[in-house]
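Here are some exercises to work through with the model open beside you. Try each task yourself before you read the solution.

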Amino acid sequence: MATTPSRGAGAGDVEHRIVLPAHLPAVAVLGPADEVLRAIEAGFPRVRVHARGDQITLQGPPSDVGLATRLLDELLEVAATDTPLTADVVGRAVRMLTGAVTSRPAEVLTHNILSTRGRTIRPKTVGQKTYVDAIDRNTITFGIGPAGTGKTYLAMAKAVQALQAKQVNRIVLTRPAVEAGERLGFLPGTLSEKIDPYLRPLYDALHDMVDPDSIPRLIEAGTVEVAPLAYMRGRTLNDAFIVLDEAQNTSTEQMKMFLTRLGFGAKMVVTGDVTQVDLPGGTTSGLRVVEEILSSVEDVAFCRLTSEDVVRHRLVGDIIDAYAVWDARPEGGGGRR
């Protein structure tokens, strides 16, 4: 690899050539229809990217070419782990390299949490990597952030990983059924059938990570329990990985009740979005005040995810930012409290 002055380009531009490793097919690096190269150019508009055979040439201002070269080095390391390179992966890597973070893109994007059913679950952003690292280091971890940031999904993956590694004997997944409220009695079916829609997101995530045919067997054996938060009262949960989802819909009393279920050999992850509270007016969200209460307690971590960590459609992050601006207006946004 060499960097030389670039002929036929702007004053001061340089040219850098990178030879692709023999063990990596060009399509694994360049992407279909050169999707990866186009994404690199989008990330560094002043850099011209050309591919010919097993060589990639970068031309442009020295600082931009230097960053683009670092980016390609990181992408080659990611591709070497059989992680598909896409425009989305490139965009996230660019933001890591140009943002105020110290984590390397390859370190984040190749961190395996769980491999199951032909797919691997990994963090996709620095915030997500920080979150899963906090779960590893702490007994209780709070994942607070907007929709689409992977709070619940990554917590579920860590729970399944812990069960498979025999670090725990069971998984307990719970949510408050606040949305049902007074309407619960008007829903058809048994109590279990009425509550099931509010637990469905947890079942959906579980189906992505465990053989669906084994889930009824695991539930029947008590290895996996999916239940409303009210069912946790009066229990002590030992040797369990416990996930509380939609925690913004707990009252302060419910949050205290849940946290004090913690038994020996157990780990808890609490997830929620404080901008989406469905509690009746006048009820304080337990998730909103818990950091103030527990901030000085050891072995408890608080991780805040942002629109930068959204891994759904690109527009989701833009929508979250737009609502945050609207809510912050001096006259008040009228967002859900």
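**Exercise 1. Two rings on one helix**

Task: In this predicted model, find which helix holds both Tyr-323 and Trp-326, and work out what kind of aromatic pair their rings make.

Solution. 
- Step 1: Place the residues. Both Tyr-323 and Trp-326 belong to helix α12 (residues 314-327). They are three residues apart, about one turn of the helix.
- Step 2: Look at the rings. Their centres are 6.4 Å apart and the planes stand at 85 degrees.
- Step 3: Compare with the cut-offs. Ring centres must lie within 6.5 Å to pair, and planes over 60 degrees apart count as edge-to-face. The pair Tyr-323 and Trp-326 is therefore edge-to-face.
- Step 4: Check the surroundings. Tyr-323 counts as exposed, because its relative accessibility is 53%. Trp-326 is partly exposed, with a relative accessible area of 35%.

**Exercise 2. A pair across the sequence**

Task: How many aromatic pairs does a search of the whole structure find, and which parts does the pair Phe-142 and Phe-302 tie together?

Solution. 
- Step 1: The search finds two aromatic pairs.
- Step 2: One of them is formed by Phe-142 and Phe-302, with 4.6 Å from centre to centre and 10 degrees between the planes, and this pair is stacked.
- Step 3: Phe-142 sits in strand β7 (residues 140-144) and Phe-302 in strand β12 (residues 300-304), so the pair links parts that are 160 residues apart in sequence.
- Step 4: Phe-142 has 0% relative accessibility, so this residue counts as buried.

**Exercise 3. Reading the sheet**

Task: Write down the order of the six strands in the open sheet, then say which strands stand at the edges.

Solution. 
- Step 1: The order is β9-β8-β10-β11-β7-β12, and the pairing is parallel.
- Step 2: Find the edges. β9 (224-228) and β12 each have a single partner strand, so one side of each has no neighbour in the sheet.
- Step 3: Follow one pairing. Strand β8 (residues 170-175) pairs with β9 in the parallel sense over five bridges. Here Thr-174 stands opposite Ala-227 in β9.
- Step 4: Helix α11 (residues 286-294) lies across β7, β11 and β12, and runs at about 135 degrees to β12.

**Exercise 4. A strand with covered faces**

Task: How many of the five residues of β10 are buried, and which residues lie on each side of the strand?

Solution. 
- Step 1: Recall the rule. Side chains in a regular strand alternate between the two faces of the sheet.
- Step 2: Sort the residues. Ala-240, Ile-242 and Leu-244 are on one side, with Phe-241 and Val-243 on the other, and all are buried.
- Step 3: Conclude. Five of the five residues are buried, so β10 is largely enclosed by the rest of the structure.
- Step 4: Name the partners. β8 and β10 pair in the parallel sense over five bridges, and Ile-171 has Phe-241 as its bridge partner in β10. Four bridges join β10 to β11, where the bridge partner of Ile-242 is Met-268.

Note on methods
Residues are numbered from 1 along each chain as its sequence is written. This is a predicted model: local features need pLDDT of at least 70, side-chain atom pairs count only at pLDDT 80 or more; totals for chains, interfaces and linings use all residues. Side-chain values use heavy atoms; hydrogens and water are left out. Rings of Phe, Tyr and Trp (its six-membered ring) pair if their centres lie within 6.5 Å; planes under 30 degrees apart count as stacked, over 60 as edge-to-face and the rest as tilted. Buried means under 20% relative accessible area, exposed over 50%, partly exposed in between (1.4 Å probe, protein chains only). Two strands pair if DSSP finds at least two bridges between them. Contact means heavy atoms within 4.5 Å. Axes are lines fitted to C-alpha atoms, for helices over the stretch in contact, and angles run from 0 to 180 degrees between N-to-C directions.
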